[in-house]
Amino acid sequence: MRLALLVSALSLACAAPSLAQVAEGPSRSFQGRDIFSLRAASDPQVRPDGGAIAYVRTTQDIMTDSGHPSIWLADPVTGAQTPLATEEAANLHPRWSPDGTRLAYVGAGPSGAQLYVRWMASGRSAKVANLEQAPSSITWSPDGKSIVMVMLTPAPTRALGAPMAPPPGAKWAEPLKIIDRVTYRRDGAGYVRPGYRHLFIVSADGGQPRQLTFGKFDEGGQVAFTPDGKALLYSTNRSADWEREAQESDIYQLSLADGATTRLTNRIGPDQAPTPSPDGTKIAYVGFDDHGHRGYENTRLYVMDRDGKNSHVLTGSLDRSVGAPTWAADGKSIYVDYADHGVTKVARITLDGKMETVATGLTSSAEMDRPYTGGEFSVGKNGLVAFTSGDATSPSDISVASGGKTKRLTNLNGDLFSDKTLGKVEPLSVTSSFDKKSIDAWVVTPPNFDPSKTYPLILEIHGGPFSAYGPVFSTDDQLYASAGYIVVYSNPRGSTSYGDEFANTIDKNYPSHDYDDLMSVVDAVIAKGSVDPGHLYVTGGSGGGALTAWIVGKTSRFRAAAAQKPVINWTSEVLTTDGYNFMALSWFGKMPWEDPDSYWKRSPLSLVANVKTPTLVIVGTEDHRTPPSEAEQFYDALQILNVPSAMIQVPGASHGGLAERPSQAAAKANAILAWFDRYK
């Protein structure tokens, strides 16, 4: 029965314009097949002298149905583009040597992810070592002779009982899989390979990597050499119960001479991204004090002496989270990124805490199906800031900021959008009906919008819940608008980029009055005109999927709903997710068996008997954040209650990768549109 229903649900995608149908002729509006033509820029890296920018350009391969990342160079003066590493292998993570004559990068080919170095003068690349594990956190030594990276050190699995030996030529089943760690799966990676992630060093001219750290814990994140090249700075948690302490980490220093480690920070809360000043006397880092597992904490910028003493906060008066600390060449200020009212920016913070915004409008190439805030930047010694930039009608490009002026260097989608009319995105200020809080929202109108007509409305809800939408390009929203819908998305209470108090209005109380905020957003759009109040629809993913399921349990004003990768039952979610720590402790304060009533009353499943709205449920088969069992519970309950419903399982898709493959991104959006069209 379920198989038949899944097949039926998948056939919904065929009811909307299929990829083949769209291919029959060009369209003046954005269509599903156009996702294959999108390009996006990420990971800009300014050459130390500021004379060039290496970045990753991702294109979509229609034959393999996947993104292909390659490394390009951009001239910051002329904007001239030069392909650098565009071989068949995927090329990622470009990192300049200190003198700018070489570029290290990771190439992922048939032999796995390998570390390469390119000599810029000759244009030749060489593999540094034959690596058995994928490298990350690539970092050059100050003299350019060595490269440090993080890699997995495999550990043998434990056996329970003596294994039997099969007779010669016998074909037995695979051995039993023994799992004995609390974190044994990660979304996007699947079941974790036994082992621990540690620091390795290798000659930049090639050689055998040498392991630097050891033990049954993971190192990771940003790694930095001290300017004298004698030590490494990194973040880790070395407590005996580190896997159960999601919010804990400290800054450590590793002496390269004798391998001795020194703990530089020691408080309750995470300390991360250590970055030494150019003269090596100070270390900048980000973190926060954990105030009893609140739902949200602002991540702040700190500076301490090289030995860990005299730590003090520089952004205590900034009610926003900051990240990616980068010292200015003169050592007098630090660059960070932060999001404000859904817009990501770069700021320079002086050592006395004064702040100046130097770039705005950063965008991320991750999860391009929905308009999440984000972005990346780097800084040259001459103060040139390169960053990923975009807006609501353009995915991420590369821009530079210097001397108070900003210039866009790339226009990766100019050809694609030159003959298309996209949905127009405009801001909308909303006042919550619950407590008069101001709520930011954005309205996407269909191409060739006629205000004298009325249109159906889609309410689209972000996940997190501690995240934010902004005026950022979204394939889903553009496809919905192209199909003739007005789309509204917003940042209800709990969203980030509005400060600590706004985010924590849902602390230990989610979902709650974010529901009122979302209904106020819908009412505000209707009040503007052009929306048919009898044709309202709702969708969202992750936390937005949970809120979609919550909404249809609270009201029947929507004609149809699509809950994407939702949380349905908080007890089963916490005990099957890959991230139980932050959900149970930060969002509830107790484990399910300690406070089952709180878990139940905040679960959308508790409201399922009220649901009358036809509801589509969507989840990836490899989702380890909100596992398929969550979607299945909701779908099964709706079927038992005889509520019109269907379920789509996206083959091979993780939580973060539900729309990673272009064909699946298009099919998902088309299926949602077909479901909504069925109930017009």
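A pocket is an open set of points on a 1 Å grid over the protein atoms alone, with protein on both sides within 12 Å along at least five of seven lines; a cavity is a set where a 1.4 Å probe fits but cannot get out; lining residues have an atom within 4 Å of a point. A volume is the space filled by probe spheres set on the points, which are joined across faces, edges and corners. The model is predicted: local features need pLDDT of at least 70, side-chain atom pairs count only at pLDDT 80 or more, and totals for chains, interfaces and linings use all residues. Numbering starts from 1 along each chain as its sequence is written, and side-chain values use heavy atoms, without hydrogens and water.

**Exercise 1.** Describe the second largest pocket.

*Solution.*
- Step 1, volume: about 940 Å³.
- Step 2, lining: 36 residues, with Thr157, Arg158, Leu176, Lys177 and Ile178 nearest the centre.
- Step 3, elements: strands S10 (146-154) and S13 (195-203) give two or more residues each. S13 gives the most, with 3 residues. Strands are DSSP runs of E, at least two residues, numbered from the N terminus.

**Exercise 2.** Count the cavities and describe the largest.

*Solution.*
- Step 1: there are 3 cavities of 30 Å³ or more.
- Step 2: the largest cavity has a volume of about 50 Å³.
- Step 3: its lining includes His462, Arg493, Tyr510 and Asp514.

**Exercise 3.** Is isoleucine 648 buried or exposed?

*Solution.*
- Step 1: isoleucine 648 sits in strand S38 (residues 645-650).
- Step 2: its relative accessibility is 7%, so isoleucine 648 counts as buried. Buried means under 20% relative accessible area, exposed over 50%, partly exposed in between (1.4 Å probe, protein chains only).

Technical notes
Helix = DSSP H or I, 4+ residues; strand = E, 2+ residues; numbered from the N terminus.
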